[in-house]
Amino acid sequence: MAFTPWGGELWPLLFFALVPFLLPVVGRTVSMKQVRRYGFACGFLHFFILLYWIVIVLGRYGGLHWSIAVVALVLFASYMALYFVLFAVFARVLVTAFSPLTALWFLPTLWVGLDWLKGVAFTGIPWMDLGYGLWSAPLFIQSADIFGHHGLTWLVLFFNCLVALFLSGRCRYADRMYIIVSGLLVLITVSGYSTVRRAELEKISVEKVSSIRIGIVQGNIDQSAKWSAGSRGMTLDRYVGLSRSLLRSSQPELLVWPETALPFYPVSGKYMGAMKAMTMESGAALLTGAPWYEIVDYGEKRINYFNSALLLDDKGKISGKYYKSHLVPFGEYVPLKKFLPFLAPLVEAAGDFSAGKIEHPLVWKQCRIGILICFESVFPELTRKWVSSGANMLVNLTNDAWYGKSSAPHQSLAMAVLRAVESRRAVVRAANTGISAFITPLGEIVGESELFRPYGHAEDVPLWEVKTFWARYGYLFGPFCLLTGCLLVLVSMRNAGWPVERESGKMK
């Protein structure tokens with residue numbers, strides 16, 4: 001429920017929502033075989049509900065029959081459920097080998113390690129890890145500038161494991177007291193840090209941080225007609241019209257349009273006149289998403305296509321470009337496409353893109369802009385690279401029209417909140433059909449747009465230079481948890497005489 005569009009106020013549910021899953025895993029009443037089955041069933045149900053919008057993406061816009069789209073969702077949810085199975089099996093090994101109090105600290109570490117693995121394996125699928133469910137809880141999320149969203153996931157698992165172990169029948173009276181004291185110490189530490197840190201940063205923001213006025217334009221262009229030749233002029237006219245209105249009313253210094261707001265190749269020069277005139281007349285720059293191509297070899301007709309972000313300065317010239325570096329598999333390219341030709345329709349609408357790389361921020365006046373195109377915002381490592389390269393703000397250009405009226409745009413916004421807090425960089429989010437918004441470095445959402453409505457809004461965006469512990473070292477928390485979890489499991493298996501399960505001195 002906390003992951004639904006209306007679930008922002010339901011985040012307290014996360015602290016005990018996993019107890020029904022954990023109780024059989026850490027208890028004594030079911031066998032290891034049953035644990036595996038139970039882990040798969042719970043994982044499949046979770047991801048099937050969480051990712052149901054895949055059917056919309058593949059069916060409505062991917063050109064696949066709805067039955068095939070459902071099969072794809074089932075297969076995808078089945079793959080993701082394997083991480084639940086791994087956790088369930090390894091968790092049983094850990095609680096068998098260690099005391100309940102020790103297991104209380106090890107089980108969240110194991111979960112976070114598997115989450116990190118899920119976020120990097122096969123290009124990575126870190127969509128809505130449990131810590132993201134706290135996006136609307138300022139009491140806790142400020143601590144994300146230490147260990148990132150993985151630290152919040154650890155926190156969620158800690159309290160779920162605390163309740164499950166308390167009820168599992170493994171604890172003696174003394175164990176229960178130690179567990180309760182541990183929970184109180186963690187709660188006081190995290191909430192205390194978040195409260196003090198937030199007050200400290202609010203004071204810095206008022207006294208020492210410069211800002212720039214930025215305007216977001218949400219065109220609300222119908223995805224099914226966006227790429228048709230007859231709609232290109234209309235699309236550009238809408239964006240220019242909304243932008244001119246915003247320039248008159250709010251006078252932003254930088255305008256931001258969404259991912260592929262330009263449904264044509266700017267390199268050809270056609271349609272660019274109105275945009276250049278607008279920037280030259282207003283003195284404001286324009287950052288927009290657009291397709292781009294580079295000819296690699298004229299003779300062999302080799303051309304690289306990119307999903308790009310372009311910065312037009314106040315002279316109407318393209319002063320900076322960024323090519324999306326983390327492409328969507330089966331959306332912007334097909335892995336092993338020679339062996340999977342039947343999936344070609346998935347990339348026909350968007351093109352078969354090449355990947356770019358993160359180098360230097362795009363610069364306009366005092367802004368050093370790090371760009372996150374589409375679902376790049378769910379990968380914290382990309383944000384860290386931008387901050388390390390000198391970015392003092394982040395811009396997320398996206399086209400969430402693919403998701404339709406589902407929970408996915410709300411989930412995508414929630415994940416962007418954690419990117420802001422982890423890095424302490426404001427995030428300007430421009431989406432074709434929404435949700436567009438400004439996110440402060442404290443994780444507060446300002447000027448949130450409605451879905452599927454034209455929108456234009458400007459805000460003063462703070463330009464923070466602080467480099468967080470997360471950006472320096474804390475990003476390693478995920479792989480550290482994976483390494484630690486693996487070592488603990490290996491030690492436990494060796495001590496328990498794996499693969500034979502040992503419970504209370506009895507072999508079974």
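Author: Helices (H or I, at least four residues) and strands (E, at least two) are DSSP runs, numbered from the N terminus. This is a predicted model, in which local features need pLDDT of at least 70, side-chain atom pairs count only at pLDDT 80 or more, and totals for chains, interfaces and linings use all residues. Residues are numbered from 1 along each chain as its sequence is written, and side-chain values use heavy atoms, with hydrogens and water left out.

Reader: How many cavities of 30 Å³ or more are there?

Author: On a 1 Å grid over the protein atoms alone, a cavity is a set of points where a 1.4 Å probe fits but cannot get out; lining residues have an atom within 4 Å of a point. Grid points are joined across faces, edges and corners, and a volume is the space filled by probe spheres set on the points. Here the count is 2, and the largest cavity holds about 130 Å³.

Reader: Which helices each supply at least two residues of the lining of the largest cavity?

Author: They are α2 (32–50), α4 (66–97) and α5 (100–120), with α5 giving the largest share, 4 residues. Of the 14 lining residues, F47, F84, W111, D115 and K118 lie nearest the centre.

Reader: Is T260 buried or exposed?

Author: Buried means under 20% relative accessible area, exposed over 50%, partly exposed in between (1.4 Å probe, protein chains only). T260 has 7% relative accessibility, so T260 counts as buried. T260 lies in the loop between β2 (254–256) and α10 (273–282).

Notes:
1 Å grid on protein atoms, 1.4 Å probe; cavity = no way out; pocket = protein on both sides within 12 Å on 5 of 7 lines; lining within 4 Å.
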